[in-house]
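Colleague: I'm still new to reading structures, so please pick one part of this one and take me through it slowly. Spell out any cut-offs as you go.

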Amino acid sequence: MKKETICVQAGYESKNGEPRVLPIYQSTTYSYDSSEELAKLFDLSKEGHMYSRISNPTVECVEKKVAALEGGVGAMMTSSGQAASLISIMNITASGENFLCFSNLYGGTTNLFAVTLKKLGIEARFIDYTMSDEEIERHIDDKTRLLFAETISNPSLEVLDIERYSSLAHRNGIPLIVDNTFATPILCRPFEFGADIVVHSTSKYMDGHAEVVGGMIVDSGRFDWKDYPCLTEPDDSYHGVVYTKQFGAAAYITKARVQLMRDLGSTPSPFSAFLLNNGLETLHLRMERHSQNALRVAEHLKNHPKVAWVSYPGLESDKYHALALKYLDNGYSSGVVSFGTVNGKKGATVFMDSLRLAKICVHVADLRTCVLHPASTTHRQLTDEQLIKAGVKPEFIRFSTGIENIDDIIADIDQALEKI
Ligand SMILES: *Cc1c(COP(=O)(O)O)cnc(C)c1O
């Protein structure tokens with residue numbers, strides 16, 4: 001099936017006389033005819049649901065849809081994007097080990113990596129796109145377990161050179177984990193370029209309606225885990241199961257579920273999965289419209305006298321345009337545009353407060369146009385000088401273009417820019 005058909009059809013198929021629409025199985029538990037049958041589930045020798053902390057039929061259908069969209073061997077839904085990032089790392093690291101990640105990651109991810117994982121004894125080593133391969137490799141030692149990156153970074157909108165960094169990771173025996181939240185599998189399927197694991201905050205475009213927080217981990221099934229004893233040696237918490245032996249290509253994603261989801265319980269509700277599935281059914285249509293609208297917004301802002309600079313990978317003049325053409329379908333670059341107004345922080349604030357259709361929200365990437373001014377919200381404690389050091393210019397605005405009529409969006413932008 002092509003990706004548009006997968007969005008609509010994959011994951012759930014109704015048989016004779018069954019509901020046409022994915023049912024919500026609102027049940028924590030599942031009944032069995034014999035204790036022996038249930039025992040087989042506990043031994044992992046038979047597949048099936050036993051308790052909804054670990055798996056649920058509604059959730060499973062949505063996991064299958066996302067696995068099919070990304071081209072992976074399996075997926076696991078989590079209660080949030082943060083939980084997906086956390087589990088994707090914890091699944092193959094332990095206290096005393098480290099991993100590489102880029103410094104342009106989403107702020108929540110950076111906090112998780114630099115502060116919380118550090119307390120667990122797992123060290124994040126930050127690198128950036130200006131470094132040569134040799135400089136990056138100087139940060140790798142025999143305790144380095146993975147490289148973590150974003151396809152299109154939030155909010156700086158830098159496009160990842162997936163082939164370059166997946167080869168670098170593989171040369172050093174480690175997997176590349178990609179946060180594909182902004183691109184979604186509609187614009188980019190990182191596995192096709194060598195990534196090994198994909199994570200998502202489904203709270204953004206995948207849900208698309210700003211209704212439910214959620215996350216997803218997808219396994220390509222292609223990484224060779226031979227140097228990862230946590231996958232190749234017996235797991236005592238499952239009577240000595242060896243994941244690579246028993247589950248082959250699905251070793252990583254099976255361990256994430258039966259060990260970490262069992263122990264951490266970052267479980268999504270069946271109703272959340274149902275809402276996410278509704279969003280996924282139109283993802284292909286929305287990503288196209290988001291990207292078309294955002295390009296029009298970016299082009300309009302670029303020529304506007306009240307705008308100091310614009311950053312959008314879909315713009316021909318953008319630093320990341322060549323990578324966008326290579327990695328993003330049609331060069332479509334999602335709905336998020338970053339730009340700066342004239343008159344610094346004051347100009348940005350006047351612009352934001354004058355918008356009518358676009359609302360001020362912490363959220364990003366849903367069907368209603370919304371904006372955020374990091375300098376007066378998420379980074380408001382910092383002085384102008386500190387803001388620049390943190391890479392957040394005082395006039396910087398993150399504009400999340402929705403799927404309304406483009407003329408209405410641009411009219412709103414124009415009347416607000418006039419007020420500066
Ligand atoms: C929002 C976001 C996250 C965190 O996801 P939540 O669902 O809010 O927990 C992770 N990565 C990226 C790129 C995001 O935009």
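Modeller: Start at Gln-82, where a polar backbone atom sits 2.9 Å from an oxygen atom of the ligand. That's a polar contact, meaning a pair of N or O atoms within 3.5 Å (within protein, one must be able to donate a hydrogen and the other to accept it, and residues adjacent in sequence count only if both atoms are side-chain atoms). Keep in mind that this is a predicted model, so local features need pLDDT of at least 70 and side-chain atom pairs pLDDT 80 or more, while totals for chains, interfaces and linings use all residues. Residues are numbered from 1 along each chain as its sequence is written, and side-chain values use heavy atoms, with hydrogens and water left out.

Gly-81 also uses its backbone: a polar atom there is 2.9 Å from a ligand oxygen. Ser-203 brings its side chain instead, with a polar atom 2.6 Å from an oxygen of the ligand. On its own the ligand exposes 390 Å², and the protein buries 92% of that (accessible areas by the Shrake-Rupley method, 1.4 Å probe; for residues, only the protein chains shown count as cover).

Now zoom out to the whole shell. There are 15 residues around the ligand, each with a heavy atom within 4 Å of it. Gly-81 and Ser-203 are among those that come nearest, along with Asp-179, Ser-201 and Lys-204. Sorted by class, the shell holds nine polar, three nonpolar and three charged residues. Here Ala, Val, Leu, Ile, Met, Phe, Trp, Tyr, Cys and Pro count as nonpolar, Asp, Glu, Lys and Arg as charged, and the others, including Gly, as polar.
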